[in-house]
Amino acid sequence: MKEFRNPQNVHVPLGAYSHQAEITGNERLLVLSGQVGMREDGTVPDDALEQIDVALENIFRNLQAANMGVKDIIKLTYYLVGEIDTTKRRELVASKLHGHKPCSTLIYVAALASPVYKAEIEALAARAD
């Protein structure tokens, strides 16, 4: 079982995330490698927000392949190159997560595996079978 919490003695989350996720019982843990904004056909959009959108879709496809869904995500870690409009990024992520608020970390980095990548997202998911 997963329980997402925001303790009253910690500030209110600034976006679509929770401060805590506790997993109890018998759950499978799925660890995803960082997903970049590369489409299935190998193309990568130039726009950073589009890359985030595609990377999240890649995460959702990985979840589906493991018989999991968005609500099974317990943690997302974002690696971003350069500044991205915070409001637009938060709105995009919130719309893609459909009200689900997993734990989240955002890290700005100098570069990713290729200069074309502006975003990479790692995910952890858990599900009881």
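Me: Leaving aside its neighbours within four places in sequence, which residues is Glu27 in contact with?
Reply: In this predicted model, Glu27 belongs to strand S3. Once the neighbours within four places in sequence are set aside, the residues in contact with Glu27 are Met1, Lys2, Ala126, Arg127 and Ala128.

Me: Is Glu27 buried or exposed?
Reply: The cut-off that matters here is that a residue counts as buried when its relative accessible area is under 20%. Glu27 has a relative accessible area of 19%, and therefore this residue is classed as buried.

Me: What distance separates the C-alpha atoms of Asn58 and Val36?
Reply: Val36 is among the residues in contact with Asn58. The two residues are 22 residues apart along the chain, while their C-alpha atoms are separated by 7.8 Å.

Me: Of the 26 residues in the largest nonpolar core, which touch the most other members?
Reply: In soluble globular proteins, nonpolar side chains tend to be buried together. Ile59, leaving out residues up to four places away in sequence, touches Leu32, Gln35, Ile73, Leu76, Ile121 and Ala123. Within the largest nonpolar core of 26 residues, the members that touch the most others are Ile52 and Ile59.

Me: Which element supplies the largest share of this core?
Reply: At least two residues of the core come from each of strand S3 (27–36), H1, strand S4 (73–81), H2 and strand S6 (119–128). The largest share, amounting to 8 residues, is supplied by H1.

Me: Which elements give two or more residues to the lining of the largest pocket?
Reply: The largest pocket, with a volume of about 230 Å³, is lined by residues including Tyr78, Arg89, Arg90, Val93, Ser104, Thr105 and Leu106. The elements that give two or more residues to this lining are helix H2 (86–97) and strand S5 (103–109).

Me: How many nonpolar residues are in the lining of the largest pocket?
Reply: Leu14, Ala16 and Tyr17 are among the residues that line this pocket. Sorted by class, the lining has 3 polar and 2 charged residues, and its nonpolar residues number 6.

Technical notes. Residues numbered from 1 in each chain as written. Predicted model: local features only at pLDDT ≥ 70, side-chain atom pairs only at ≥ 80, totals over all residues. Heavy atoms only, no water. 1 Å grid on protein atoms, 1.4 Å probe; cavity = no way out; pocket = protein on both sides within 12 Å on 5 of 7 lines; lining within 4 Å. Points joined across faces, edges and corners; volume = space filled by probe spheres on them. Helix = DSSP H or I, 4+ residues; strand = E, 2+ residues; numbered from the N terminus. Nonpolar A, V, L, I, M, F, W, Y, C, P; charged D, E, K, R; others polar. Contact = heavy atoms within 4.5 Å. Core = buried A, V, L, I, M, F, W, Y, C linked by side-chain atoms within 4.5 Å. Buried < 20%, exposed > 50% of the residue type's maximum accessible area, 1.4 Å probe, protein only.
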